[in-house]
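Hi,

Here is the structure I promised to pass on to you. Have a look at it first, and then read my notes below with the model open beside you.

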Amino acid sequence: MRSSVVLDQWRFKACDQEGWLPAKVPGCVHTDLLRNEQIPAPFYGTNEQELQWIDKQDWEYETRFVAGDEWLSHSRLELVMEGLDTYAEVSLNGVCLLQTDNMFRTWRADVKRLLQSGSNHLHIRFRSPVKEDLPKLEQLGYSLPATNDQSEAGGLGNRKISVFARKAPYHYGWDWGPRFVTSGIWRPVRLEAWSGWRMRDVYIQQQKVTEQEAKLCAVVEIEAEQPEEVQLRLSGGGQVWEQTVSLAAGENTVRLEAVIAEPRLWWCRGLGEPALYTFTAELLAGGTVVAERSVRTGLRQVRLVKEKDTYGSTFYIELNGVPVFAKGANHIPNDSFLTEVTEERYRHEIASAVEANMNMLRVWGGGVYEDDRFYELCDEYGVLVWQDFMFACSMYPGGAAFQSNVREEAVQNVKRLRNHPSIVLWCGNNEIDIAWSQYDDERGWGWRRAYSPELQARIWADYEAIFHRILPEAVEQYAPGTDYWPSSPMVELTGDIHQHATNSTTGGDIHYWGVWHAVEPFANYNIHIGRFMSEYGFQSFPEYRSVRAYAEEGDMELESPVMLSHQKNGHGNRLIKEYMELYMKESKDFPSFLYMSQVLQAEAMKIAIEAHRRRKPYCMGTLYWQMNDCWPVASWASMDYYGRWKATQYAVKRSFEDILLSMDGTLGGMVGIHLVSDRLEPVSGTLQVRLLNFAGNVLKTWSAPAAIGGNTAGCTLTLSTGNILAELDPKEVVLMAELHTEEGIIARASHYFVPSKQLKLSRPSITVTRCELDGGIALLLETDVLAKHVWLSSEAEGIFSDNNFDLLPGQPATILFKARSDGNQPFLPADPGKVVVRSMADFVKEDTLS
Ligand code: BMA
């Protein structure tokens with residue numbers, strides 16, 4: 001049997017200094033220094049700049065532990081390091097065991113002969129990733145593009161070295177992230193002992209899964225000391241399968257076929273229950289269980305459908321035969337210091353995604369292959385995962401050593417994650433195909449121009465080796481049947497000019513950054529729609545309370561050093577201001593500006609998401625940039641570092657409703673009222689449309705039968721703007737639509753004829769009535785005139801059932817509060833404490849109201 005113990009009681013110090021300090025493992029140098037009060041809080045003020053010395057130092061960690069006789073009596077003893085960040089030399093009792101160079105790999109060392117009874121000394125020396133990689137740049141003789149590497153901030157000028165390290169790219173800074181190039185033991189270190197047999201891995205390969213049956217094959221890796229005949233038993237879903245196997249001495253891979261009749265299928269949110277099965281594999285020698293391992297998975301048939309059609313080619317996920325419209329966001333690591341991410345924080349993020357009606361997250365390639373817990377939660381909550389390999393916005397070096405390191409990283413992570421039903425796609429990298437643009441001189445980010453034709457050929461060959469060979473081979477070999485997509489975005493692996501995505505390609509996926517980076521108007525979200533929108537986004541600031549966690553009252557202006565150090569996109573502030581001037585009324589002060597930036601972002605994301613969904617099934621996915629933050633910062637996130645929902649998160653929740661009514665006013669003199677359904681059954685009812693003034697009076701009404709088939713979208717009613725408005729002032733009216741069905745009103749939408757900036761508003765008086773409901777508190781909100789962008793803030797941490805909404809007289813809103821909780825139930829009805837209710841009129845200059 002196998003036993004395993006996690007080693008703790010670590011201490012650490014800088015290699016060239018005296019004085020050990022206690023360390024917390026898993027952790028990193030930055031968090032250990034902070035805990036020992038050696039450095040100021042890294043996220044506060046401009047402290048990031050003061051802490052850049054840390055990555056230029058070598059650091060050492062050590063622990064002493066006693067290996068009891070029972071441990072030593074095992075014939076096999078292994079030291080397992082699940083994650084070392086990054087360049088480390090590991091020694092046990094003075095003997096060097098291994099040298100590591102990849103934070104994404106697990107490292108194992110045989111310590112049978114080195115481990116002694118009594119005290120043992122484990123020592124890990126981390127070489128500075130900066131000092132380690134600068135010579136590699138020298139040696140290469142030219143630099144490789146790494147657009148987001150903030151080398152300047154690290155005191156390295158333009159020497160971008162992130163590409164040489166197999167280490168989370170965002171550690172080197174990003175356009176939303178600080179530069180904290182960490183070192184340390186970031187995943188547990190264990191001692192593993194076994195004798196006779198060890199079961200290394202169990203993979204439940206899903207060969208064919210239908211409602212009738214699931215044809216599975218358990219691929220079991222067993223190490224045996226002796227050749228022997230044993231029994232392998234697999235149990236799961238109330239069934240047991242058994243097989244006699246002849247093990248050879250050493251490593252064995254045994255395959256055991258298993259069929260489950262009428263399986264409970266795993267579905268993503270919105271389509272059904274995410275049913276999970278636990279499978280246990282046991283090895284029996286002489287009737288006794290000598291090794292065992294359990295894994296959990298969900299049974300589903302999944303594929304990426306890329307088929308030619310009249311427009312180009314499709315790009316969507318099909319789950320159990322159902323085409324899924326992917327609704328979600330891009331996920332980045334939840335912290336600059338990875339070990340600070342608790343289970344509760346993971347759960348909060350994933351439960352927030354589900355609360356916001358999402359069904360997919362993309363684990364973006366500039367972060368990390370996430371913790372097991374992240375994927376377990378996605379499995380449990382029914383969230384599909386688009387999984388990138390960890391390469392982003394850079395060209396990487398070639399060479400046998402680098403490539404075999406990448407191969408081992410890929411193999412290990414594919415093997416670690418392949419039982420998760422949530423992972424539906426592996427993608428090679430983020431934006432490299434489009435940035436390099438090998439076959440199109442007109443496009444790309446200008447990277448290629450810096451190199452001679454010979455160097456270009458070499459750099460591209462190195463690219464192809466990793467993304468067109470090593471990674472897809474690892475997926476095919478270790479998770480056969482799982483789809484691999486070389487780069488996001490891309491049209492198809494054609495090897496010619498048609499390979500690279502543009503803002504209007506009709507195959508593959510698109511990152512549309514015309515709005516924001518190219519300063520195009522929001523309306524362009526309606527034009528640039530691809531088959532799958534895997535990125536687009538708009539920045540905003542965190543709320544005042546979150547900003548105050550890093551800034552003092554005196555720092556409260558856009559261009560203060562502190563605010564600037566928490567805005568990593570060079571043009572970010574200018575863009576927010578420019579777009580604000582276009583669409584929003586002028587904020588009355590800086591805290592109001594923070595809030596209005598959220599309203600602006602929410603507006604942009606609503607327009608984009610609904611444009612994408614209206615084009616279903618031409619477009620089959622919309623993942624905005626980005627779900628979360630790794631520190632408190634101005635960014636494209638919909639939820640800030642503290643997990644607080646920005647206005648966007650609420651807007652997204654509404655725009656991601658499974659049944660969506662969406663009004664499109666970009667049609668030139670017309671308003672199209674669309675119905676989008678992610679339900680599989682048809683929906684029918686009556687569409688009721690009303691034109692109201694801001695005092696809540698109904699000026700005109702329309703009504704039409706509305707019906708929509710399952711899993712599709714269509715325009716239900718088109719009204720001419722001329723007819724709707726006639727003599728009325730477009731600045732004073734709102735068009736509201738409701739879908740009435742047997743279930744009641746199941747969808748609502750509203751449409752204004754001018755941007756918020758031009759609306760003629762008066763100051764509303766909103767009344768709030770509290771009452772108890774479902775063990776929590778319900779708030780009944782009423783107003784005397786239109787209250788635009790009503791914003792509720794609670795004293796307690798949590799979320800409201802709705803927020804950032806418009807309130808009209810005669811149409812009260814009932815809002816529930818759910819507190820953030822650290823149990824299995826992430827949000828619980830609770831008392832929000834003091835609630836402040838404001839609306840846009842409270843945030844803008846009085847004279848801009850009307
Ligand atoms: C995309 C992402 C990130 C970046 C974001 C905002 O390119 O892949 O690299 O943070 O845009 O610029």
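Eight of the nine residues of helix α14 (residues 647-655) are buried, so the rest of the structure largely encloses this helix. Buried here means under 20% relative accessible area, while exposed means over 50% and partly exposed covers what is in between (1.4 Å probe, protein chains only). Helices (H or I, at least four residues) and strands (E, at least two) are DSSP runs, numbered from the N terminus. The buried residues of α14 are Ala647, Thr648, Gln649, Tyr650, Ala651, Val652, Lys653 and Ser655. Among the elements that cover them are α5, α13, β28 (621-624), β29 (659-664), β38 (787-794) and β39 (798-800).

Before you go further, please keep in mind that this is a predicted model: local features need pLDDT of at least 70, side-chain atom pairs count only at pLDDT 80 or more, and totals for chains, interfaces and linings use all residues. Residues are numbered from 1 along each chain as its sequence is written, and side-chain values use heavy atoms, with hydrogens and water left out.

Now to the cores. A nonpolar core is a set of buried Ala, Val, Leu, Ile, Met, Phe, Trp, Tyr and Cys residues joined through side-chain atoms within 4.5 Å. The largest one has 214 residues, and those with the most contacts inside it are Trp10, Leu79, Met358, Phe389, Phe391 and Tyr624. Helix α13 (residues 590-614) gives the most to this core, with 13 residues. There is also a second, separate core of 52 residues, which includes Leu265, Cys268, Trp386 and Val424.

Next, the aromatic rings. Rings of Phe, Tyr and Trp (its six-membered ring) pair if their centres lie within 6.5 Å; planes under 30 degrees apart count as stacked, over 60 as edge-to-face and the rest as tilted. The count comes to 53 aromatic pairs. One of them, Phe43 with Phe337, is stacked, at 5.6 Å centre to centre and 10 degrees between the planes. Phe43 lies in the loop between α1 (29-35) and α2 (47-50), and Phe337 in the loop between β21 (326-331) and α5 (343-355), so the pair ties together parts that are 294 residues apart in sequence. Phe43 and Phe337 are both buried. The rings of Phe391 and Tyr396 have planes at 90 degrees and centres 5.0 Å apart, so this pair is edge-to-face. Phe391 and Tyr396 are buried too. Ring pairs also link Trp513, Trp516, Phe522, Phe538, Tyr579, Tyr583 and Trp636 into a cluster.

Three strands form an open sheet in the order β18-β19-β20, with antiparallel pairing; two strands pair if DSSP finds at least two bridges between them. β18 (302-305) and β20 (322-324) stand at the edges with a single partner strand each, so one side of each has no neighbour in the sheet. β18 and strand β19 (residues 316-319) pair over four bridges, and Leu304 has Ile317 in β19 as its bridge partner.

Enjoy exploring!

How values were computed: Contact = heavy atoms within 4.5 Å.
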